[in-house]
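This briefing is meant to be read alongside the sequence and the coordinates. Please keep both in view while going through the points.

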Amino acid sequence: EQPIFTTRAHVFQIDPSTKKNWVPASKQAVTVSYFYDVTRNSYRIISVDGAKVIINSTITPNMTFTKTSQKFGQWADSRANTVFGLGFSSEQQLTKFAEKFQEVKEAAKLAREKSQEKIETTSNHSQASSVNGTDDEKASHAGPADTHLKSENDKLKIALTQSAANVKKWEIELQTLRESNARLTTALQESAASVEQWKKQFSICRDENDRLRHKIDELEEQCNEINREKEKNSQLKRRIEELESELREKETELKDLRKQSEIIPQLMSECEYVSEKLEAAERDNQNLEDKVRSLKTDIEESKYRQRHLKVELKSFLEVLDGKIDDLHDFRRGLSKLGTDN
């Protein structure tokens, strides 16, 4: 046997007591494979969980794989007298498995048809050989009629025995198929009831899912609110750290100011001393300003007197020049008188 297709799924079997509920055959997803037997020209679905074989189902043309939901499918095995169910992780895996089931089912049907044709061909060939042998004996031996009839009778008995055995065999096979069909019908009805139950459970799960989604949305909103509060807290922490840093700086400045306040009395005394010096300097400056103003007044008076003296001196010089001119004239008159004498 060689594997021709492999996938993974959760395996279930129908509860043999109720024929309605599913019983998990594996605790987790396991490997489920299609195997092809070249010698027997047959197909099987096999799944092993550890050392336990949980699926060993030979596929026949009468089997049908049914999708009961988007990720779940089932088929009935009359030989194992059970119904297998597979739960897949995705709808795509279920579709591939169903397509492979149909393909293998068609291959099994063709294999059965070829096998029946081969059996019929062999049977016809045997009958033809038997008839031909009888004709040859008739042609080559012209024996007594009793011997010939006895031989023919023996052959007919053998053929009748084989025919009766084949009929009995096919009757047994037909009865087996009828029982299998009855079990399949019962399993199908139970499966339909199980489908209804699964539909109800699916509806309940869907409502629960909607409620959980709504709850998740509320929780996400609360988480967002918490994140916003965390962000605000982070901002407040940063602001507090900044304020603490500023406070430390202010404390440092305050310490510096306190150190400086220790020398304030000395500075105050020095300031008072400087103030007294400044007041004395201001008084001296005021006296000097008064003296400067007095000197300016004296200077102005002196300038006025100088201008007045200049005017008087100019007048005096002008009078003196006139006197000198008169003296010169007098001298010239005396000189002239002397000359005349």
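The model is predicted, and its secondary structure amounts to 3 helices and 8 strands. Along the sequence these elements are arranged in the pattern β-β-β-β-β-β-β-β-α-α-α.

**Overall architecture**
- Of the 341 residues in the protein, 16% are buried.
- The accessible surface of the protein comes to about 26,700 Å², and carbon and sulfur atoms account for 55% of that surface.

- Helix H2, which spans residues 145-262, gives the most to the lining of the second largest pocket, contributing 6 residues.
- By residue class, the lining of the second largest pocket consists of 8 nonpolar, 5 polar and 2 charged residues.

**Leu188 in helix H2**
- Leu188 is located in helix H2, and it counts as exposed because its relative accessible area of 57% is over the 50% cut-off for that class.
- Although Leu188 and Trp75 are 113 residues apart along the chain, their C-alpha atoms are separated by 9.2 Å in the model.

How values were computed. Residues numbered from 1 in each chain as written. Predicted model: local features only at pLDDT ≥ 70, side-chain atom pairs only at ≥ 80, totals over all residues. Heavy atoms only, no water. Helix = DSSP H or I, 4+ residues; strand = E, 2+ residues; numbered from the N terminus. Nonpolar A, V, L, I, M, F, W, Y, C, P; charged D, E, K, R; others polar. Buried < 20%, exposed > 50% of the residue type's maximum accessible area, 1.4 Å probe, protein only. Areas by Shrake-Rupley, 256 points an atom, 1.4 Å probe, with all protein chains shown as cover.
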